[in-house]
Amino acid sequence: MSGVDFLIGSEKVINVPLPACSDEALAFVSGLSAHLMKLQEARIYPDIAALAFWGRRAGLERMKQNCPESAQRLGRGLCFHVAPGNIPVNFAFTFLFGVLAGCANIVRLPARDFPQTSVLLKAIKDVLTDFPEIARRTAFVRYPANNDITAEFSRIADARMIWGGDRTIASIRSLPTPPRCVDLCFADRYSLCILDGNAVLEAGDEKIKRLAEGFYNDTYLMDQNACSSPQLILWLNDSKAARNCFWEAVRITAEKKYPLQAAVCVDKYVHACRDAIEQTGAHLTRQTNLLYRVELAALDDSVEQCRGRGGYFYEYSLDNSGELCAVVTDKYQTVTY
């Protein structure tokens with residue numbers, strides 16, 4: 001296909017379904033997991049380590065036991081995956097979901113070339129040599145934004161896994177597909193965190209440390225790009241002491257773990273300047289370049305536009321739950337607390 005770079009596989013993907021959660025699929029995913037766990041990169045990139053942990057054989061067996069009907073099911077056919085450009089390992093997850101479902105898979109990689117991408121592609125390619133039936137049903141492709149090429153893949157798809165913003169999804173869904181093709185879409189989402197100031201102050205040093213590490217994993221680890229990453233922190237029983245306690249623990253954790261890039265520093269400064277113009281009554285607190293906090297003056301239906309990256313958070317003192325209920329829409333996904 002002109003203009004398409006096949007990094008794994010070719011145009012000759014075999015569209016013959018396999019049983020869902022087949023022994024071969026479980027062996028492949030767990031084999032990839034074991035392979036990744038041995039790599040030095042798994043210690044460098046926590047998201048690769050998380051993928052490897054997820055794919056352990058024991059976890060897959062539990063998943064299969066929870067879906068006893070899978071033994072009587074076949075894959076839907078050929079699944080075309082459009083991976084998002086903001087989560088480095090997502091393309092591997094969506095591919096493995098397709099494998100476990102018994103599908104043949106064509107995965108479009110994002111244009112941005114994360115270092116994790118190369119590590120995972122090599123690992124997948126290495127492990128596929130021991131699984132020829134899955135290899136015949138697998139292709140990873142990369143091409144510039146081109147609806148004509150996406151349309152070609154869509155025309156042969158029995159299912160599409162579409163990850164991205166609302167406009168990206170709308171654009172791809174407008175392309176013709178076979179009549180029985182099924183789309184699974186993962187669109188824009190907004191998540192938040194609710195903290196009780198009294199609970200923060202009553203917690204000991206070890207508990208606060210664990211809280212900060214958990215918050216770090218939900219936010220900095222994915223540069224706040226994950227759908228479940230809280231963008232807005234709401235405080236109940238708010239106090240300056242509680243905020244200082246929590247955010248200082250977060251800053252210390254980020255200082256130890258987060259590889260702060262110069263470009264992210266500039267992005268956050270530009271973001272702060274924009275908020276100074278657009279967020280009436282907001283107050284900015286900067287705790288080194290690792291942590292920016294914007295105190296909102298009010299909650300309104302535009303709050304879901306408040307999104308940060310690389311350690312840029314919005315917060316608000318919540319008087320009652322009614323304030324939150326008034327702004328929540330179907331874009332809201334996860335509340336951590």
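Arg108 holds its charged end over the ring of Tyr143, 4.2 Å from the ring centre. Arg56 does likewise with Phe53, at 3.7 Å from the centre of that ring. A charge sits over a ring if NZ of Lys or CZ of Arg is within 6 Å of the ring centre and within 35 degrees of the ring normal.

This is a predicted model, in which local features need pLDDT of at least 70, side-chain atom pairs count only at pLDDT 80 or more, and totals for chains, interfaces and linings use all residues. Residues are numbered from 1 along each chain as its sequence is written, and side-chain values use heavy atoms, with hydrogens and water left out.

**Aromatic pairs**

The structure holds 22 aromatic pairs. Rings of Phe, Tyr and Trp (its six-membered ring) pair if their centres lie within 6.5 Å; planes under 30 degrees apart count as stacked, over 60 as edge-to-face and the rest as tilted. Two of these pairs involve Phe93.

| Pair | Centre to centre | Angle between planes | Type |
|---|---|---|---|
| Trp54 and Phe93 | 5.4 Å | 70° | edge-to-face |
| Phe93 and Phe97 | 6.1 Å | 40° | tilted |

Phe93 and Phe97 share helix H5, 4 residues apart, about one turn of the helix. Helices (H or I, at least four residues) and strands (E, at least two) are DSSP runs, numbered from the N terminus.

Trp54 is partly exposed, at 28% relative accessible area. Phe97 is partly exposed too, at 33%. Buried means under 20% relative accessible area, exposed over 50%, partly exposed in between (1.4 Å probe, protein chains only).

Elsewhere, one aromatic cluster takes in Phe215, Tyr216, Tyr220, Trp235, Phe246, Trp247, Tyr258 and Phe313.

**Ser191**

Ser191 lies in strand S7 (residues 190-196). Ser191 counts as buried because its relative accessibility is 1%. A polar atom of its side chain lies 3.2 Å from the backbone nitrogen of Thr334. Leaving out residues up to four places away in sequence, Ser191 touches several residues, including Cys227, Pro230, Leu232 and Gln333 (contact means heavy atoms within 4.5 Å).

Note on methods:
Polar contact = N/O pair within 3.5 Å; in protein donor to acceptor, adjacent residues only side chain to side chain.
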